[in-house]
Amino acid sequence: MFKTEWAESLQKYERIMIFGAKQNAVDTYLDIKRYQRDILCFVVSEQRDNPHELLGKPVKTFEQIEAGCKENGLVVISHCYNAHDKMKDILAAAGFRHIIGSQQSILAVDNLRKEACAVFGAQRMTVRELAAQRREHDTKPDIPICIYAVTSDRNLHVANRAYTSRYVKYIQAGAALTSRRICDVTDDVGDNISKWNAFFCELTAGYWIYRNDTKNAYVGLCHYSRGFDISDEEIERIAEAGVDVVLPVPHIFRHEMAAMVPSEVAVIMEAIERVSPEFTDSARTYFMNRAFIAGNLIFARKEIFCHYYTWLFQVLQECARIKQGNKVKIEERVFGYYGENLMNIFFVHNRERYEIRYSEVISML
């Protein structure tokens, strides 16, 4: 989100609130006033040492904000916070639906993300910028598309809302481990690894898509709890323009990725050197940088999705052999974690081969 988009967001909502009640909130309020908008109130999680009033506006706790305002109003996070960190999740969990960062924090995040995107190739157009381009015609493209939202019998109820996109379909992961069915699509039919869900997490659903979806030209994977912040029109524009891959906007960490869990990094590196040595330099490039794309989220042309998943499971199988050979216990969720790193490595390696676009991620919690 850039400065102009931030200003446009302010114009979309009648009721605007600021999260925070200190000097940074005052600065954020002044930024909003520059665009001839005003706010309803300042918002805090609890009263504690916060004032009851600031600049003539009330300071309210989450509980004091009516449900309709949470649903339809806009919350601007004051710039002492990062708009993409846990504060956004806290607000979403409290029932707020429309959340953006302050103008200053957005600009700071944009600069960091440009650094992150550079790891995956030259800075490219975002999904928003692509969709803003003039379309050659107004009819919907006749391209079969499906983004699968991964859920399970244990966690669908955690989400506060459901996807409404015509292109998103829920898939139940780990369906082989329970008799309860909550989705029309389950990952335990056809060629599948559903029974290994405890170790592979959402990748059992990804494997099912890779091996069994034969109808769609574009496929994707997101979560019941978070997904791509793109509209149906933008999804159509992506397919219409022939974009290869959409990935979440990368995050920037304070340290290089190699410092995360060195022992696990060593396993990934050894597996790549054995199975796919041409990826070794790309893996080193990734681990020496701070950019990270989380969650195994991807939306891509089906052949690219399959190319990636074929490579992914070759490397994961070798990772399992290495751990077994070292007599190291294979912990639950470990291959889901490996998958996140391997997705990053795969697209660092193919950054000049594929046309990549980036999308913000939206929380459904």
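Student: Why is Tyr337 called partly exposed?

Tutor: Keep in mind that this is a predicted model. Tyr337 has 23% relative accessibility. Buried means under 20% and exposed means over 50%, with partly exposed in between, so Tyr337 counts as partly exposed.

Student: And what makes Tyr338 count as buried?

Tutor: Tyr338 comes out at 0% relative accessibility. The cut-off for buried is under 20%, so Tyr338 counts as buried.

Student: Why is the pair of Tyr337 and Tyr338 called tilted?

Tutor: Their ring centres are 6.1 Å apart, and rings pair if the centres lie within 6.5 Å. The planes sit at 50°. Stacked needs under 30 degrees and edge-to-face needs over 60, so this pair is tilted.

Student: How many aromatic pairs does a search of the whole structure find?

Tutor: The search turns up 26 aromatic pairs. Phe62 and Phe96 make an edge-to-face pair.

Student: What makes the pair of Phe62 and Phe96 edge-to-face?

Tutor: The centres of these two rings are 5.6 Å apart, with the planes at 65°. Over 60 degrees counts as edge-to-face, so that's the label for Phe62 and Phe96. This pair links distant parts of the chain, 34 residues apart. Phe62 is in the loop between E4 and helix H3 (67-72), while Phe96 is in the loop between helix H4 (86-93) and strand E6 (98-101). Both Phe62 and Phe96 are buried.

Student: Now the loops. Why does Arg48 count as exposed?

Tutor: Arg48 has 69% relative accessibility, and exposed means over 50%, so Arg48 counts as exposed. You'll find Arg48 in the loop between strand E2 (41-44) and strand E3 (53-54). Its phi is near 35°, a positive value in a residue other than glycine.

Student: What about Leu55: why is Leu55 called partly exposed?

Tutor: Leu55 is at 45% relative accessibility.

Student: Last one: what makes H10 oblique to H12?

Tutor: Helix H10 (residues 262-275) and helix H12 (residues 302-325) pack at about 120°, with axes 9 Å apart. Roughly perpendicular covers 65 to 115 degrees and roughly antiparallel starts over 145, so H10 is oblique to H12. The residues of their contact divide into eight nonpolar, one polar and five charged.

How values were computed. Residues are numbered from 1 along each chain as its sequence is written. This is a predicted model: local features need pLDDT of at least 70, side-chain atom pairs count only at pLDDT 80 or more; totals for chains, interfaces and linings use all residues. Side-chain values use heavy atoms; hydrogens and water are left out. Axes are lines fitted to C-alpha atoms, for helices over the stretch in contact, and angles run from 0 to 180 degrees between N-to-C directions. Helices (H or I, at least four residues) and strands (E, at least two) are DSSP runs, numbered from the N terminus. Angles under 35 degrees count as roughly parallel, over 145 as roughly antiparallel, 65 to 115 as roughly perpendicular and the rest as oblique. Ala, Val, Leu, Ile, Met, Phe, Trp, Tyr, Cys and Pro count as nonpolar, Asp, Glu, Lys and Arg as charged, and the others, Gly among them, as polar. Buried means under 20% relative accessible area, exposed over 50%, partly exposed in between (1.4 Å probe, protein chains only). Rings of Phe, Tyr and Trp (its six-membered ring) pair if their centres lie within 6.5 Å; planes under 30 degrees apart count as stacked, over 60 as edge-to-face and the rest as tilted.
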